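This report describes parts of one protein model. Please look at the sequence and structure shown here.

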Amino acid sequence: MFKFTKDILRYLEKLSCIQCSTEEEEELTQSLQKILEYVEQLGEIDTENVPTFWSNDQKTPRQPLRKDTIDNLLLKKPYLDNVESTAGMIRVPPVLTDKGTSS
């Protein structure tokens, strides 16, 4: 059985650039361990003779995918005429403040 440890949580914190308090670390470690135990239980289910599930309604045949076609192209010039642009790039107002939160 895989054991979710505080060291793994700290590694994930570093990767995701977040910080957890000691209480949050304890709670997250326990919660994630329970999730892993549940997923491990799912792996024990015998699915050998279970038919593949294709749709919400097994009586309805699976619909074929449509052809991938290109139509209604948006031309660059008319589009850029209606927006503020610099060197062919669209200029948008800033959405983050100097503190890294939405303005």
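## Surface patch

Ile-45 lies in the loop between helix H2 (22–42) and helix H3 (76–81); helices are DSSP runs of H or I, at least four residues, numbered from the N terminus. The model is predicted, with local features needing pLDDT of at least 70, side-chain atom pairs pLDDT 80 or more, and totals for chains, interfaces and linings using all residues. Residues are numbered from 1 along each chain as its sequence is written, and side-chain values use heavy atoms, without hydrogens and water.

Together with Ile-35, Tyr-38, Val-39 and Leu-42, Ile-45 forms a nonpolar surface patch of about 490 Å² accessible area. Patch residues have over 30% relative accessible area and no salt bridge, with nonpolar side chains joined within 5 Å; areas come from the Shrake-Rupley method with a 1.4 Å probe.

## Salt bridges

The whole structure has five salt bridges, each a side-chain nitrogen of Lys or Arg within 4 Å of a carboxyl oxygen of Asp or Glu. In one, the closest N and O atoms of Lys-6 and Glu-26 are 2.8 Å apart. This pair links helix H1 to helix H2 across 20 residues.

Definitions and conventions:
Patch = residues over 30% accessible without salt bridge, like charges linked within 9 Å, V, L, I, M, F, W, Y side chains within 5 Å. Helix = DSSP H or I, 4+ residues; strand = E, 2+ residues; numbered from the N terminus.
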